[in-house]
Amino acid sequence: MSTLPARAGRRCHHAVNPFHSTVYFSPDLREEMAALGVTDPDAVYFASRAAAFGAVGPGTVTATFFNFRHDLVARHLPAVWEVATPAQVLDARLRAADRTLRRLLGEEAVAAPDVAEAAELALRAAEGCARPGRPLYAAHADLPAPAEPHLAYWHAATLLREHRGDAHLAALLDAELDPLEALISHTATGFGMAPKWVLGTRGWTQQEWDEASARLVARGILDQEGSLTEQGSALRAELEERTDRLDAGPYEHLGAEGTLRLTELAKDLFGRIFAAGAFPAGMLGRG
């Protein structure tokens, strides 16, 4: 039985995750990767997030990233590793995280006590993560934690994000949602990535979007207007609850008090990086 309040781990994840994600939207990452010779935005993303695996091919990335069209992934992998090695990419990503966080938070803030406290709590939570069945988490768990607090927090946020993400994929597979169906049903909640962002970044076509939407209508998950039905809302809620159960380890390890404190610190840090322009306008929602 859980010792945590209901959805405490999920709330903590939603507060911590943006700190991990911001580097992938950062011009600093694009600049660091361009210096290695990698300039295509998709190649930058696939290489920088997958580099912890080593020089993998498109199959590994399609499987573990889940919601990208395989053809898009195969356009860039394994070719990107002929331009830059995984070790070079990991170094570039860490440099980009450092530059990004210093720019968004300010030089003094990255060394502030609240960042160090958040790092300590997040790293302690990550001690409760488990490798089996969680490939993206496991690959990143083999990387050393940086010494500087803001980078240690970013590293821990990455571990926690990938741990929950791996668990969520298991829940999606159990619910028999394919990658595009998962994206569409998530978008329909109002919290997912906007359709134009899905179509612009995940490699899917409008025809494929329409066909997947029709499948969800046939299953009773969406109505004819593309909104979640009562059944669809219940399915999305169950997906999150199942993910919560599979991702409980870090927050049970941290405990209720530590999880609450990490959530408070993470919310404050998220608010600050968001206000500083960490994410593109119009990325989320049903627009």
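## Salt bridges in a helical chain

R215 is partly exposed, with a relative accessible area of 35%, where buried stands for under 20% relative accessible area, exposed for over 50% and partly exposed for the range in between (1.4 Å probe, protein chains only). This residue is found in helix 13, which covers residues 206-218; helices (H or I, at least four residues) and strands (E, at least two) are DSSP runs, numbered from the N terminus. Leaving out residues up to four places away in sequence, R215 touches D178 and E181, a contact being heavy atoms within 4.5 Å. R215 and E181 are 34 residues apart in sequence, and their C-alpha atoms are 8.1 Å apart in space.

The structure is a predicted model, in which local features need pLDDT of at least 70 and side-chain atom pairs count only at pLDDT 80 or more, while totals for chains, interfaces and linings use all residues. Residues are numbered from 1 along each chain as its sequence is written, and side-chain values use heavy atoms, with hydrogens and water left out.

**The chain as a whole**

The chain has 15 helices and zero strands. Its radius of gyration is 19 Å, which agrees with the value near 19 Å for a compact globule of 287 residues; this radius is taken over C-alpha atoms, and the globule rule is 2.2 Å times the number of residues to the power 0.38. Along its principal axes, the C-alpha trace spans about 55 × 50 × 35 Å. Of the 287 residues in the chain, 53% are buried, and among contacts with a separation of 6 or more, 77% are between residues 24 or more positions apart.

**Charges and salt bridges**

There are 28 positive and 38 negative side chains in the chain, and the centres of the two sets lie 1 Å apart. Here Lys and Arg count as positive and Asp and Glu as negative, without His and the chain ends, and each charge is placed at NZ of Lys, CZ of Arg, CG of Asp or CD of Glu.

A search of the whole structure finds 29 salt bridges, each being a side-chain nitrogen of Lys or Arg within 4 Å of a carboxyl oxygen of Asp or Glu. The table gives some of them.

| Salt bridge | N to O distance |
|---|---|
| R164 and D247 | 3.5 Å |
| E240 and R236 | 4.0 Å |
| E264 and R261 | 3.5 Å |

E264 is partly exposed, with 42% relative accessible area, and R261 is partly exposed at 33%. Through salt bridges that share partners, R10, R164, R236, E240, D244 and D247 are joined into one network.
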